[in-house]
Amino acid sequence: MRTQSMQLLFSSCLAFLSIISVFVPGGQMVDAYIPAKANSLRSYERRLSNQGLSRVGSSSSSSLQMKSTAPPAYPVRIAVMGGGNFGLAMASICARKGIPTTLLVRKEEIAEQINTKHTHPSYMKGIEFPARLRATSKPDECLPDATYIIHAVPCQYSRSFLEGVKDHIPTGTPILSVSKGIETTSLGFMANIIRDVLGKDRPLAFLSGPSFAREIIEGVATAVVIASDDLDLARDLAFLLSDDQFKCFTSQDVIGVEIGGAVKNVIALGAGMCEGLGLGTNAMSGLVTRGCNEMRRLGLTFGARPSTIAGLSGVGDTFGTCFGPLSRNRKFGYRLGQGETMAEILESTTEVAEGVDTSLAVVRLIEKECKGYRLDLKYPILFGIAKILKGEQTPAEGLELLMKMPMQMENFDERSYNPRITRSKVGAQAEE
């Protein structure tokens with residue numbers, strides 16, 4: 001009886017190993033990535049395909065063979081591109097969960113300090129990063145074998161950065177973008193930029209929501225949303241990143257998440273100006289609410305769902321950015337309201353306030369894509385903030401113009417809203 005029990009246990013162990021292992025020619029065993037909570041063969045095979053693995057033999061066979069373009073194998077490895085505040089936060093999330101994580105930074109001396117002292121010389125003062133987190137300045141040391149790559153380079157620098165590292169990123173490796181904004185040259189969102197450089201078939205996902213980097217690293221409860229056209233990918237990433245302090249929801253509304261993440265930074269500039277002018281809570285709350293209304297109108301124009309704009313990546317992120325003390329965009333707007341010039345503020349800080357470039361880009365995008373009468377009346381806050389940044393009016397003058405606008409309905413009727421939009425590159429991709 002004991003012998004039979006041992007044989008049964010041994011057979012069970014072999015069956016388990018056959019599920020999680022991949023045998024390739026030559027007798028080498030490679031572990032395959034199994035999706036979190038995978039309960040469908042289609043999800044499992046899609047994941048294997050993304051990693052260059054394919055099923056061989058009959059449907060009952062557990063044997064797999066490696067394709068010629070095979071990138072990463074299990075266990076999961078994460079590469080984070082961008083060593084700024086949010087890149088450090090995302091790398092810390094992965095490392096504290098025990099996932100082998102490598103942060104790609106610009107300078108080798110920064111990588112050395114992170115690896116030896118577990119601190120950054122410029123960002124996150126007073127924070128010690130997980131010991132499992134490793135840093136490098138060499139793309140070939142972390143990108144070729146990564147299961148997932150997290151892109152945390154600011155929007156305006158993303159295209160040139162990706163051009164420099166694209167040869168090290170295997171075909172099929174999923175990219176999770178945590179960058180937000182609209183590129184000033186192409187007027188494209190992050191999805192447009194990444195696809196332009198890395199290919200249209202690249203698996204992509206986008207993370208957004210009220211998420212200050214320092215609070216994430218300190219383990220303060222945070223909720224975000226991950227959007228992807230491929231819901232399986234969004235779910236896998238959400239399961240991978242979520243823990244007791246960091247909760248990820250999922251969505252398929254990529255354009256809605258992107259618009260919310262970009263426009264909220266512009267609204268935060270206006271909220272900061274209100275505070276800098278010494279206005280009260282009434283004025284700031286009114287401006288933020290009306291700004292969210294313009295965000296919703298723009299989102300509907302590009303095919304976003306109103307529920308996405310009302311969710312974590314839209315209204316939620318706007319609240320955090322407009323009222324949170326750690327917001328770079330709010331601080332930038334506050335200094336403008338206090339009377340400082342753009343040049344003075346930019347010279348005194350190394351941190352990027354994404355809302356500045358996005359503000360100018362979003363107005364050009366609206367003028368290019370949205371066809372209608374008096375767009376400045378439909379987007380008075382977005383247009384007004386852009387004029388302030390260009391030096392065409394002061395924050396005080398902008399507020400006065402808002403208060404003198406003609407009387408109108410508070411909200412437009414979404415049921416009859418039929419925006420006229422050109423079939424340009426951005427618009428076509430947004431509607432697909």
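Residues are numbered from 1 along each chain as its sequence is written, and side-chain values use heavy atoms, with hydrogens and water left out. Because the model is predicted, local features need pLDDT of at least 70 and side-chain atom pairs count only at pLDDT 80 or more, whereas totals for chains, interfaces and linings use all residues.

Helices are DSSP runs of H or I with at least four residues, numbered from the N terminus. The axes of helix α9 (residues 254-276) and helix α10 (residues 281-301) come within 9 Å and cross at roughly 160°, the axes being lines fitted to C-alpha atoms over the stretch in contact and the angles running from 0 to 180 degrees between N-to-C directions. The two helices α9 and α10 are therefore roughly antiparallel to each other, a term that applies to angles over 145 degrees. With contact taken as heavy atoms within 4.5 Å, the α9 side of the pair includes I259, V263, I267 and C274, while the α10 side includes M284, L287, M295 and L298. The residues of this contact divide into twelve nonpolar, four polar and two charged, where Ala, Val, Leu, Ile, Met, Phe, Trp, Tyr, Cys and Pro count as nonpolar, Asp, Glu, Lys and Arg as charged, and the others, Gly among them, as polar.

A nonpolar core is a set of buried Ala, Val, Leu, Ile, Met, Phe, Trp, Tyr and Cys residues joined through side-chain atoms within 4.5 Å, with buried meaning under 20% relative accessible area for a 1.4 Å probe and protein chains only. The largest such core has 44 residues, and those with the most contacts inside it are I259, V263, L298 and I366. The elements that give two or more residues to this core are α9, α10, α13 (328-337), α15 (354-369) and α17 (380-389), and its largest share, eleven residues, comes from α9. Another core, of 43 residues, lies apart from it and has I127, V178, A205 and A238 among its members.

Within helix α10, L298 counts as buried because its relative accessibility is 1%. Leaving aside residues up to four places away in sequence, L298 touches I259, V263, V362, I366, C370 and Y379, and V263 touches M295, L298, V362 and L382.

Helix α6 (residues 190-198) is mostly covered, with seven of its nine residues buried, including M190, I193 and L198. Just after α6, G199 takes a positive phi of about 110°.

Note on methods: Angles under 35 degrees count as roughly parallel, over 145 as roughly antiparallel, 65 to 115 as roughly perpendicular and the rest as oblique. Buried means under 20% relative accessible area, exposed over 50%, partly exposed in between (1.4 Å probe, protein chains only).
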